[in-house]
Amino acid sequence: MSKIKITFENDYIFYAELDQAKANKTVEILLESLPLECQFFQSRWSGREINTNINIDEFPPKENQSIYVSIGDICYWRDWREEVEKNINHVLAIYYGPEMARSHVGNEPVNIIGKIDHKGLEEIIKLGEIV
């Protein structure tokens, strides 16, 4: 497990563990891209989720995938149907409620790569509601 700190400009700070045992390559690629500075967006139409595009050069494989996510889950998503497109969106998402990961095309499997520390779960709900 790798521990990371996630800081939002409105003074929300979260600690999380990334699960290398279940999503080794995805976590490795994400750790190599740190530190990230990005803007998170509300994605309520697809669930209680905030997400951001991340700039990475590699295509993480399918690891620890599910369409079922829980509060505090940190997930990686991309359009798994596109393996070679150069302008593909790589998305990092944090869920602030239990959901079925989905988009306009239906259920979307995500790589569950980590979790917000349990001490921050109430705060992640508050943050999710104001983003």
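## The loop between S1 and S2

In this predicted model, Asp 11 is found in the loop between S1 and S2, where helices (H or I, at least four residues) and strands (E, at least two) are DSSP runs numbered from the N terminus. The phi angle of Asp 11 is near 75 degrees, a positive value in a residue other than glycine. Asp 11 has a relative accessible area of 70% and is therefore exposed, given that buried means under 20% relative accessible area, exposed over 50% and partly exposed in between, with a 1.4 Å probe and protein chains only.

Residues are numbered from 1 along each chain as its sequence is written. Because the model is predicted, local features need pLDDT of at least 70 and side-chain atom pairs count only at pLDDT 80 or more, while totals for chains, interfaces and linings use all residues, and side-chain values use heavy atoms, with hydrogens and water left out.

## Aromatic pairs and cluster

The structure holds 4 aromatic pairs, a term that covers rings of Phe, Tyr and Trp (its six-membered ring) whose centres lie within 6.5 Å, with planes under 30 degrees apart counted as stacked, over 60 as edge-to-face and the rest as tilted. One of them joins Phe 8 and Phe 40 in a tilted arrangement, 5.2 Å centre to centre and with 55 degrees between the planes. This pair links distant parts of the chain, since Phe 8 is in the loop between strand S1 (2–7) and strand S2 (13–18) and Phe 40 is in the loop between helix H1 (24–33) and strand S3 (41–42), 32 residues apart. Both Phe 8 and Phe 40 are buried.

Another of the pairs is formed by Tyr 76 and Trp 80, which are edge-to-face at 5.9 Å centre to centre, with 80 degrees between the planes. Tyr 76 counts as buried because its relative accessibility is 2%, and Trp 80 also counts as buried, at 10% relative accessibility. Phe 8 and Phe 40 belong, together with Tyr 12 and Phe 14, to one aromatic cluster.

From Glu 37 to Ala 101 the C-alpha to C-alpha separation is 24 Å in space, and the two residues are 64 residues apart in sequence.

Lys 5 is found in strand S1 and, at 51% relative accessibility, counts as exposed. When residues up to four places away in sequence are not counted, Lys 5 touches Ile 13, Phe 14 and Tyr 15, contact meaning heavy atoms within 4.5 Å. Lys 5 and Ile 116 are 111 residues apart in sequence, while their C-alpha atoms are 9.4 Å apart in space.

Met 100 is found in strand S9 (residues 99–100) and, at 33% relative accessibility, counts as partly exposed. Leaving aside neighbours within four places in sequence, Met 100 is in contact with Ser 46, Ile 67, Tyr 68 and Asn 107. Met 100 and Tyr 15 are 85 residues apart in sequence and 24 Å apart in space, C-alpha to C-alpha. Asn 64, which is found in the loop between strand S4 (49–54) and strand S5 (65–66), has a positive phi of about 50 degrees although it is not a glycine, and at 31% relative accessibility Asn 64 counts as partly exposed.

## The chain as a whole

The protein chain has 2 helices and 12 strands, and along the sequence these follow the pattern β-β-α-β-β-β-β-β-β-β-β-β-β-α. For 131 residues, a compact globule would have a radius of gyration near 14 Å, and the 14 Å of the protein chain agrees with this; the radius is taken over C-alpha atoms, and the globule rule is 2.2 Å times the number of residues to the power 0.38. The C-alpha trace spans about 40 × 30 × 25 Å along its principal axes.

Of the 131 residues, 47% count as buried. Among contacts between residues at least 6 apart in sequence, 68% join residues at least 24 apart. The accessible surface comes to about 7700 Å², of which 49% belongs to carbon and sulfur atoms, with areas from the Shrake-Rupley method and a 1.4 Å probe, and with only the protein chains shown counting as cover for residues.
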